Structures are given as structure tokens and as C-alpha cells.
Amino acid sequence: MASRSRRLQTKPVITCFKSILLIYTFIFWITGVILLAVGIWGKVSLENYFSLLNEKATNVPFILVGTGTGIILLGTFGCFATCRVSAWMLKLYAMVLTLIFLVELVAAIVGFVFRHEIKNSFKNNYEKALKQYNMTGDDRSDAVDKIQNTLHCCGVTKYTDWENTNYYSERGYPKSCCKTECSPSKDASKVNSEGCFIKVMTIIESEMGVVAGISFGVACFQLIGIFLAYCLSRAITNNQYEIV
């Protein structure tokens, strides 16, 4: 009787954990959708900037898309495990959440440690893109034009950077450097004098701040899910809870 009474007393506790975990899992599923959207947005909006970084940086949006998709699938599994009140499924759910949290933590630390390399990589690649600039429509030349048109800038640190390029020797400043609509020429009064490097870095840091903030929030939020899933699975195991 004591054992039966104990199980009856713990049922409300388990039901409470189950309800909270269901709410958490739904919110967790929504964060997966948000990460997926951020990854797609980053690929579309920041593609010009990523194309002037190293090849590893171009994979960042795909990593976010993959992570978001994984969270959506895991959230669906977690909801199923909670509804079934399955101890082993909940333990598996908690273990996968822990694994994802550790991966995100390592990725955040690596990103913070090597954050200065992003600036150096962009500056070096932008300088190479200027030297190799042409009108054939290659990705880097297109990225330079889009950045200069969008940010109303010219060159890396200043417009005179173009004067050391083959394109300038043949045709002058490109159209994307012009303050208003104009043809390529060597007339410095018609082009934007401010360089693109500082402007691009400001944008990247602000946009990456949004991405980092969302990723950090999702990682910390996972700790709640790990705790809830572990507590519910332990309660089910210890009290031999049965679905009525």
C-alpha cells in the first residue's frame, strides 16, 4: 500500500514535469525554425561578404541551416518521447541535447578565439579581388561591385587602392565606385573616397552579433531541456510510472 500510495503521490509531479517539458519542446522546436531562417537569411544577405572570406567561412550559413533542421527533428522526437512517457526515449533525448550543447559550446569558443582572423582574411581577399578585378562576371568581382554599390565606398581602405590595379591602368575606377551614375574613368572627384573595409567589418560584426546571440540563447536554453528530460525519465524509472 505504501508503494502504491507513493506512486499515486508522484503522479502529479510527473504530470507537471511532462507538461513543462512539452511546452519546452515546442519552444525548442521554434528555435530550430529560427536558426533555419537565420541560416537562410545569412546565405542570402551576407553572401557577398562570405565570398570574400576563406572557404570555411562560406559554410557558416549551411551549418546554421543544418543545426536548425537537426533541432526541428530532435524537437519532434522529444515531443513524441514526452507524450509516450518513455524513460529510455527521454534519456536519449537528454543525451542528444547534451551532445549538441557541447558542440555549440566548442564552436562558440573556436569562433571567439579566431575572430580576428576573419578581419585579416577579408582584407587580404578583398585586396586580391581588386587586383584581379575584371568585367567577366566572376564571383569576387561581382561581390566587390555589390559591396561598393551598397555601401557607397571604393577600395579597401580608400579609393586610391584602385590605382595599383591593372583595371585602373586600363579603364580607371569601376562604375561601382561612382557617387552617381557614371562610366569607368580616372576622375577621382566622381568616386566615393571612403574605403570599404571598415564599413564591411562594422556590418559583419553587427550581423554576426545577432547570429551569435541567437546561437548562444539556443545553447543555454538546451540546458533547461536536459534538466527536464533527465528529471522526468528518472521519476518514471524510480516510481515505475505507468500510463493510465
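Which helix holds threonine 25? Select threonine 25 in the viewer: this residue is found in helix α1. Keep in mind that the model is a predicted one.

**Stop 1: threonine 25 and its surroundings**

Is threonine 25 buried or exposed? Its relative accessibility is 1%, and buried means under 20%, so threonine 25 counts as buried. Now show the residues around threonine 25. Leaving aside residues up to four places away in sequence, threonine 25 touches Gly75, Gly78, Cys79, Thr82 and Tyr93.

**Stop 2**

As background, nonpolar side chains in soluble globular proteins tend to be buried together.

**Stop 2: helix α3**

Which residues of α3 are buried? Colour Pro61, Leu64, Gly68, Ile71, Ile72, Leu74, Gly75, Gly78, Ala81 and Thr82 to see them. Then step just past the helix to valine 85, where phi is positive, at about 50 degrees.

**Stop 3: a patch on the surface**

Return to helix α1, which covers residues 2-45. Select Ile23, Phe26, Ile27, Trp29, Ile30, Val33 and Ile34. Together they form a nonpolar patch on the surface, with about 600 Å² of accessible area. Isoleucine 34, which lies in α1, counts as partly exposed because its relative accessibility is 39%.

**Stop 4: helix α6**

Next, select residues 139-151, which make up α6. How far apart are the end C-alpha atoms of this helix? They are 18 Å apart, which agrees with the 18 Å that its 13 residues should span at 1.5 Å a residue. The buried residues in α6 are Ser141, Ala143, Val144, Asp145, Ile147, Gln148 and Leu151. After α6 comes histidine 152, with a positive phi near 55 degrees.

**Stop 5: the salt bridges**

How many salt bridges are counted? The count comes to 2.

For one of them, stay in α6 and show the side chains of aspartate 142 and lysine 146. They form a salt bridge whose closest N and O atoms are 3.4 Å apart. The two residues are 4 places apart in the helix, about one turn. Aspartate 142 counts as partly exposed at 34% relative accessibility, and lysine 146 counts as partly exposed at 38%.

Finish at glutamate 194 and lysine 199, whose side chains meet in a salt bridge with an N to O distance of 3.6 Å. Glutamate 194 is partly exposed, with a relative accessible area of 43%. Lysine 199 is partly exposed too, with 23%.

Note on methods: Residues are numbered from 1 along each chain as its sequence is written. This is a predicted model: local features need pLDDT of at least 70, side-chain atom pairs count only at pLDDT 80 or more; totals for chains, interfaces and linings use all residues. Side-chain values use heavy atoms; hydrogens and water are left out. Patches are made of residues with over 30% relative accessible area and no salt bridge: like charges are joined within 9 Å, nonpolar side chains (Val, Leu, Ile, Met, Phe, Trp, Tyr) within 5 Å. Accessible areas come from the Shrake-Rupley method with a 1.4 Å probe; for residues, only the protein chains shown count as cover. A salt bridge is a side-chain nitrogen of Lys or Arg within 4 Å of a carboxyl oxygen of Asp or Glu. Buried means under 20% relative accessible area, exposed over 50%, partly exposed in between (1.4 Å probe, protein chains only). The expected span of a helix is 1.5 Å times one less than its number of residues. Contact means heavy atoms within 4.5 Å.
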